[in-house]
Structures are given as C-alpha cells and as structure tokens.
Amino acid sequence: DISLDMAYFSIKKQMLSNPKIEIKSSFKNKFLAVLSWILLASMWIYLIQLYPQLPERIPIHYNSIGHPDSYGSRNNIFILVGIASILQIIFGLMIKHPDQLTYIKKITVVNAASQYRNTINLCEYLRIACIVLFFCIEYQGIQNAINDENLLGHYFVPFVAILFLIPNIYFVYKAAKLD
C-alpha cells in the first residue's frame, strides 16, 4: 500500500514538473485527426445502417483463428464503436496535453518539444489503429451474422501484432533516443 502511494506521488510529481510548452499541430497531425473522426463516423453510420438486417443473436467473440466462439444480442454490436468513441476522446486529450503524461525519460525544457511531438505522433497513430481494428472486428461480426462468412481467419493475430506492437516499439525506442 505504501509503495503504491509512493509510486503514485512520484508519477504525479513528474507530470507536474514537465515543462508546459505549446506544440503546434503539423499538417500530418491535423490530417490524422480529421481522418480518425471520419473513420469513427463511418463506423457509426455503417453499424446503424446494417443494424436492422442483423439477426437477434450475433457472434460477439472469436477464438485465435477467427471463428466465433460466443454469441449474444445484436445490441452488442455497439460496444466496440462506443469504446472507440471513448478512446477517440481520451487520445484527443492526451494529444492536447502531452505535458500531463508520464515519460520514460526526464522531460526538460531542452527535450520537451521532441518528446511531446513523438508522443503526439504515437497517440495519433494509436487512435487510428484502434478504430481500424474495431472496424475490422465489427465488419467481421456483421458479415458472419448476415452471410456466415469468416473473414478474420489465421491472419488476425499477426495483423493485430503488426498494427500495435511494431509501431509501439518504434515510438518507445525513438522516445528513449531523443534528447
């Protein structure tokens, strides 16, 4: 209990001591932000449009090779898009306030801009990756429910690893190298 309290206060102290500087959005960051909102809106429209066509029971979970192993109400189709919407807002807040985050290196006035920019780029990437992943899962669920098609297959786990693991390793490595 005491060690958790100490860890919390250590992290809080680091976050409060990070320099507060303004990072202007690059064209790439603005483009990715707009793209993420378009993808999220497309996901909502797609689900709302196809909802009436769905049977009452739909696949809600898949095993490691992409076959459904659990079924539930068609209302469950909105869970992932709801989570994606919440993540969109959380990532947006992280992008807006990178000085409030915890870093693997001490943030100084000298390295703050480069560390914040790297973190903003990671957050932009992750929010699009989450939406793409959730959209793929939703699409698979709908296709499986309507047409009994299995589209995820054996490629799904490597797809997720490539989508999340490799870019995270890249951005963390880059953060460790930035001065």
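Analyst: Buried means under 20% relative accessible area, exposed over 50%, and partly exposed in between, with a 1.4 Å probe and protein chains only. Here buried residues make up 39% of the 179 residues in the chain. This is a predicted model, in which local features need pLDDT of at least 70, side-chain atom pairs count only at pLDDT 80 or more, and totals for chains, interfaces and linings use all residues. Residues are numbered from 1 along each chain as its sequence is written, and side-chain values use heavy atoms, with hydrogens and water left out.

User: Is N121 buried or exposed, and what is N121 in contact with beyond its neighbours within four places in sequence?

Analyst: N121 counts as buried because its relative accessibility is 11%. Contact means heavy atoms within 4.5 Å; with those neighbours set aside, N121 touches K28, N29 and F171. N121 sits in helix α4 (residues 112-147).

User: How is a helix defined, and what span should helix α2 have?

Analyst: Helices (H or I, at least four residues) are DSSP runs, numbered from the N terminus. The expected span is 1.5 Å times one less than the number of residues. For the 24 residues of helix α2 (residues 27-50) that gives 34 Å, and the end C-alpha atoms are 34 Å apart, which agrees. The buried residues of α2 include N29, L32 and A33, and their cover includes α3 (77-96) and α4.

User: Is I169 buried or exposed?

Analyst: I169 is exposed, because its relative accessible area is 52%. I169 belongs to helix α5 (residues 156-177).

Methods: Helices (H or I, at least four residues) and strands (E, at least two) are DSSP runs, numbered from the N terminus.
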